[in-house]
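Open the model in your viewer and keep the selection tool at hand. The stops below say what to pick and what is there.

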Amino acid sequence: AVLADNGKEVWLWSRNEEQVKEINDKHRNSRFLGETELSPQIKATSSLQEALFNAQAAVLVVPSSGMREVAAQIRPFLTKEMLLIHATKGFETGTLKRMSAVISDELPEIAAERIVVLSGPSHAEEVIRQCPTTVVVAAHDLDAAEAAQDLFINPYFRVYTNPDIAGVEIGGSLKNIIALGAGLTDGLGFGDNAKAALLTRGLAEIARLGQAMGANAQTFAGLAGLGDLIVTCTSKHSRNWRAGYMLAQGEPLEQVLKEMGMVVEGVKTTKAAYELSRFFKVSMPITDELYSVLFEGKSPKIAVEDLMGRLRKHEMEEI
Ligand SMILES: NC(=O)C1=CN([C@@H]2O[C@H](COP(=O)(O)OP(=O)(O)OC[C@H]3O[C@@H](n4cnc5c(N)ncnc54)[C@H](OP(=O)(O)O)[C@@H]3O)[C@@H](O)[C@H]2O)C=CC1
Ligand SMILES: O=C(CO)COP(=O)(O)O
């Protein structure tokens, strides 16, 4: 919608024929956007070849679990000049790779300089209403970042550049763990103090792992770090927050995910971060407790008690 508002011809690709038909015939995507009318400049297709024909840029936004498969599928239709922008938040299960690395694996002929990450505090439900939104585009190459900035920027969608791809991907992914935790503490009826504690100490462990993985600490104070953490932990639009809230009501994880019907990246990301924290030998107490709640049946209330009862320490201590 942002690209169409900027006068671009936009082709959406979907594997769902009914969705394609609805977008083309009625200019609506009712499953995700209700009655909102889409610009007629947005066309849909179930053919990747058609979607990518003569394209200046491809924007990949499937859930992290589908990124490798979709990147491989688009390979025959890419040109070297095309900009590859992704907005997916998460790591690949098993390999623990960031999404830009998964894309590079599958598209070896695309120069790393053409890969751009778009991230930040941006719920689709508000962007479609043209609510003022700020995001960041990260690329190794400033020209590529500025080309992506040019495509998206407009009076309601402000786009900053940042050279730190790792930091932007890691910040956007790890905040979903803390958002699950924020939903849990809200669901348990704990107040604003608990939420502020979770965000602040959550950001500390996000930055700790991020720096160990080669990211710039400053990125975590920016839109892809603190910004996205705030929007996801404080909004009812957030699927991760909602999933945490439902878990606190005692609903089993499988049922929560089924009811949501949309991706809750924080679940897989908790497992990935749990493994990454051990690989990089970084302490992530909130992630550890969430791992126990999600995958080991620990009671959320006991998890909070255990976090509060940890050994006393200095606020700036590394471990
Ligand atoms: N929604 C938001 O506001 C934001 C989302 N993101 C990130 O974007 C990514 C996608 O999120 P979102 O669109 O909200 O997720 P949803 O679950 O709402 O939608 C996912 C869409 O991707 C399709 N899909 C899933 N896997 C594949 C695949 N292998 N091949 C083709 N299509 C596939 C699904 O199709 P089907 O219905 O057929 O399964 C569905 O249409 C996530 O990483 C999320 O964190 C980032 C910023 C904001
Ligand atoms: O990343 C998002 C907003 O920036 C969307 O968060 P959820 O996936 O929790 O809905």
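Select helix 14 (residues 265–279) and helix 15. Helix 14 passes helix 15 in a left-handed crossing. A crossing is left-handed when the near helix is turned anticlockwise from the far one by less than a right angle, and right-handed when clockwise. Helices here are DSSP runs of H or I with at least four residues, strands are runs of E with at least two, and both are numbered from the N terminus. The two axes come within 9 Å and cross at roughly 130 degrees. Axes are lines fitted to C-alpha atoms, for helices over the stretch in contact, and angles run from 0 to 180 degrees between N-to-C directions. Helix 14 and helix 15 are therefore oblique to each other. Angles under 35 degrees count as roughly parallel, over 145 as roughly antiparallel, 65 to 115 as roughly perpendicular, and the rest as oblique.

This is a predicted model: local features need pLDDT of at least 70, side-chain atom pairs count only at pLDDT 80 or more, and totals for chains, interfaces and linings use all residues. Residues are numbered from 1 along each chain as its sequence is written, with chains lettered from A and ligands numbered from 1 in the order in which they are written.

Now show the side chains of this pair. From helix 14, pick Val267, Thr270, Lys271, Ala273, Tyr274 and Ser277. They meet Thr287, Asp288, Leu290, Tyr291, Leu294 and Phe295 in helix 15. The residues of this contact divide into 7 nonpolar, 3 polar and 2 charged. Contact means C-beta atoms, placed from the backbone, within 7 Å. Ala, Val, Leu, Ile, Met, Phe, Trp, Tyr, Cys and Pro count as nonpolar, Asp, Glu, Lys and Arg as charged, and the others, Gly among them, as polar.

The crossing of helix 15 past helix 16 is right-handed. Pro285, Ile286, Glu289, Ser292 and Val293 in helix 15 meet Pro300, Ala303, Asp306 and Leu307 in helix 16. By class, that contact has 6 nonpolar, 1 polar and 2 charged residues.

Next, select helix 12 and helix 13 (residues 253–260). The axes come within 10 Å and cross at roughly 140 degrees. That makes helix 12 oblique to helix 13. Helix 12 passes helix 13 in a right-handed crossing. On helix 12, pick Arg239, Arg242, Ala243, Met246 and Leu247; on helix 13, Leu253, Val256 and Met260 meet them. This contact has 6 nonpolar, no polar and 2 charged residues.

Which residues come nearest to ligand 2? Select Ser122, Thr232, Ser238, Arg239 and Asn240, out of 13 residues around ligand 2. A residue is near a molecule or strand if its C-beta atom, placed from the backbone, lies within 6 Å of it. Helix 9 (165–187), helix 11 (223–233) and helix 12 (239–248) each supply at least two residues of this shell. Helix 11 gives the largest share, 3 residues. By class, the shell has 3 nonpolar, 6 polar and 4 charged residues.

Colour by domain: domain 1 (2–164) and domain 2 (166–308). These bounds come from an automatic or database domain assignment. Both domains give residues to the shell around ligand 2, so ligand 2 lies between them.

Move to ligand 1. Of the 20 residues around ligand 1, Gly66, Lys89, Ala124, Met262 and Val263 come nearest. Its shell has 9 nonpolar, 7 polar and 4 charged residues. The shell around ligand 1 draws at least three residues from each of domain 1 and domain 2.

Finish at the domain boundary. The C-alpha centres of domain 1 and domain 2 lie 25 Å apart. Across the boundary, 24 residues of domain 1 are in contact with 26 residues of domain 2. On the domain 1 side, select helix 6 (99–106), strand 5 (115–119), strand 6 (133–138) and strand 7 (157–162), which each supply at least two residues. Strand 6 gives the largest share of that side, 4 residues.

Methods: Two residues are in contact if their C-beta atoms, placed from the backbone, lie within 7 Å.
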